[in-house]
Amino acid sequence: MFVRVLFPTDFSVYAKAVFACLPELKAAGMRQVVLLGVAQEESVDLIVMGAQGETAAQVLLLGSVANQVVHRATVPMLTQKF
């Protein structure tokens, strides 16, 4: 179902933890992961990224980068909260 997956990363500890989980998406049909700091130029089927937040406000906002991607994404997005 999701053949090309975009993984926007800042190479933080949280991003590395999400990256370690990417092989599990093979069962969903993932064949290629695009590592990228910016998304829109690539033609992807799914965006996968981590988000951090501990307070209620942070949980609602997901974090500044994840929040921006969620609001601008034109394809499905999978976020992993830490």
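Helices (H or I, at least four residues) and strands (E, at least two) are DSSP runs here, numbered from the N terminus. With that settled, on to the protein.

This is a predicted model, where local features need pLDDT of at least 70, side-chain atom pairs count only at pLDDT 80 or more, and totals for chains, interfaces and linings use all residues. Residues are numbered from 1 along each chain as its sequence is written, and side-chain values use heavy atoms, with hydrogens and water left out.

First, the overall layout. The protein has three helices and four strands. Going along the sequence, the pattern reads β-α-β-β-α-α-β. Of its 82 residues, 26% are buried, where buried means under 20% relative accessible area, exposed means over 50%, and partly exposed is in between, with a 1.4 Å probe and protein chains only.

Now the sheet. The four strands make an open sheet, ordered β2-β1-β3-β4, with parallel pairing. At the edges are β2 and β4 (77-81), each of which pairs on one side only. On average, neighbouring strands of this sheet are turned by 25 degrees against each other, direction ignored; the axes behind that angle are lines fitted to C-alpha atoms, for helices over the stretch in contact, and angles run from 0 to 180 degrees between N-to-C directions. Two strands count as paired if DSSP finds at least two bridges between them. As background, strands of a sheet pair through backbone hydrogen bonds, either parallel or antiparallel.

Next, strand β1, residues 4-8. Four of its five residues are buried, so β1 is largely enclosed by the rest of the structure. Towards β2, which runs parallel to β1, there are five bridges. Val5 has Val33 as its bridge partner in β2, and Phe7 stands opposite Leu35 in that strand. Towards β3, also a parallel pairing, β1 has two bridges. On that side Leu6 stands opposite Ile47. In general, side chains in a regular strand alternate between the two faces of the sheet.

Is Val18 buried or exposed? Its relative accessibility is 3%, so Val18 counts as buried. Val18 is 64 residues from Phe82 in sequence, and their C-alpha atoms are 9.5 Å apart in space. Val13 is in the helix as well, but Val13 has a relative accessible area of 70% and is therefore exposed.

Val13 also belongs to a surface feature. With Tyr14 and Phe82, Val13 forms a nonpolar patch of about 290 Å² accessible area together. Patches are made of residues with over 30% relative accessible area and no salt bridge; like charges are joined within 9 Å, and nonpolar side chains (Val, Leu, Ile, Met, Phe, Trp, Tyr) within 5 Å. A salt bridge is a side-chain nitrogen of Lys or Arg within 4 Å of a carboxyl oxygen of Asp or Glu. The accessible areas come from the Shrake-Rupley method with a 1.4 Å probe, and for residues only the protein chains shown count as cover.

Three more positions, each with a C-alpha to C-alpha distance. Leu35 sits in strand β2. Leu35 has 44% relative accessibility, so this residue counts as partly exposed. Leu35 and Thr9 are separated by 26 residues in sequence and by 7.0 Å in space.

Ser43 is in the loop between β2 (32-36) and β3 (46-51). At a relative accessible area of 58%, Ser43 is exposed. Arg4 is 39 residues from Ser43 in sequence and 7.8 Å from it in space.

Pro76 is in the loop between α3 (64-72) and β4. With 45% relative accessible area, Pro76 is partly exposed. Pro76 and Ile47 lie 29 residues apart in sequence and 6.4 Å apart in space.
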